[in-house]
Amino acid sequence: MASSSSMAATLSWSSSLFHSFGGNVNENVKLLDKRSVLLVFAQKKAKKTRKIILKGDVKDLGKKGQLLEVKAGFYRNFLHPMGKAQIVTPILLKEMKMEDERIEAEKKRVKEEAQQLALIFETVGAFKVKRKGGKGKQIFGSVTAQDLVDIIKAQLQRDVDKKIVSLPEIRETGEYIAELKLHSEVTARVRLNVYAN
C-alpha cells in the first residue's frame with residue numbers, strides 16, 4: 001500500500017513537471033528509465049589520459065623515445081608547450097619501430113667489428129716489449145697501457161684507445177696477458193712478452 005502511494009506521488013510529481021514543459025505521462029515513464037540509466041554513468045568519473053612519446057628526457061618521468069600514458073592536463077599544460085612529448089599516432093609508432101631497428105642493426109654491426117678485431121688481436125701471437133733490465137728478472141720502470149697501444153699501432157696499424165686496455169702490474173720480465181675491452185660484450189685477450197735488453 002505504501003509503495004503504490006509513493007509511486008503515485010512520483011508519477012503525479014513527474015506528470016506535473018511534464019505538463020509544465022508540455023510533455024505527457026507516457027513520455028514521463030520513458031524519461032524515468034533514461035534518467036536512471038544516466039545516473040549510473042554519471043556516478044563514475046572518466047579517466048582522462050593521453051598516450052605520448054617523449055621527445056627528450058624528462059626528470060622523474062622517463063627517457064627520450066619512451067611510450068607513456070600521462071594525464072591529459074599534464075600533457076596539455078607542460079609536456080606539449082615545452083616540446084617534450086607528442087601524442088602517439090600509428091605513423092609515429094611506425095617511425096619509432098624503424099628507428100629502433102636501425103639502432104639495433106648499428107649495434108650489431110659495431111659488435112661484429114669488435115669481434116673481428118678481437119680475433120685479429122688474439123691470432124697475432126705475443127706482442128714483444130723491450131725494457132732495460134735490472135737485477136735478475138727486474139726491469140727499470142713498468143709496462144703501461146700506452147706502451148701496448150704504441151706497439152699495436154706499430155705492428156697492426158690499428159688505433160686503440162688506452163682507456164680500454166687493462167694490464168696487470170708489470171715490473172719483471174716474462175709473459176703477461178692484457179685485456180682490451182673492445183665492446184661491452186667483447187673482450188680481446190692479448191699476450192705480452194716482456195724481455196730485458
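This is a predicted model: local features need pLDDT of at least 70, side-chain atom pairs count only at pLDDT 80 or more; totals for chains, interfaces and linings use all residues.
Which residue of E3 does Ile53 stand opposite?

**View 1. Strand E1 pairs with strand E3.** Ile53 stands opposite Gln86 in E3.

View 2. Arg50 has Val70 of E2 as its bridge partner. In general, strands of a sheet pair through backbone hydrogen bonds, in either a parallel or an antiparallel manner.

**View 3. Four strands form an open sheet in the order E4-E7-E6-E5.** The pairing within this sheet is mixed. Its edges are strand E4 (126-131) and strand E5 (165-166), each of which pairs on one side only.

**View 4. Strands E4 and E7 run parallel.** The two strands are joined by 6 bridges, and E7 comprises residues 186-196. Lys130 is positioned opposite Tyr195 in E7.

**View 5. Helix H5 packs on the sheet that contains E4 and E7.** Helix H5 spans residues 145-156 and touches E4, E5, E6 and E7. The direction of helix H5 makes about 120° with that of E4.

**View 6. Helix H4 lies across E4, E6 and E7.** Helix H4 consists of residues 90-124, and strand E6 of residues 174-183. Relative to E7, helix H4 runs at about 25°.

Conventions:
Residues are numbered from 1 along each chain as its sequence is written. Side-chain values use heavy atoms; hydrogens and water are left out. Two strands pair if DSSP finds at least two bridges between them. Contact means heavy atoms within 4.5 Å. Axes are lines fitted to C-alpha atoms, for helices over the stretch in contact, and angles run from 0 to 180 degrees between N-to-C directions.
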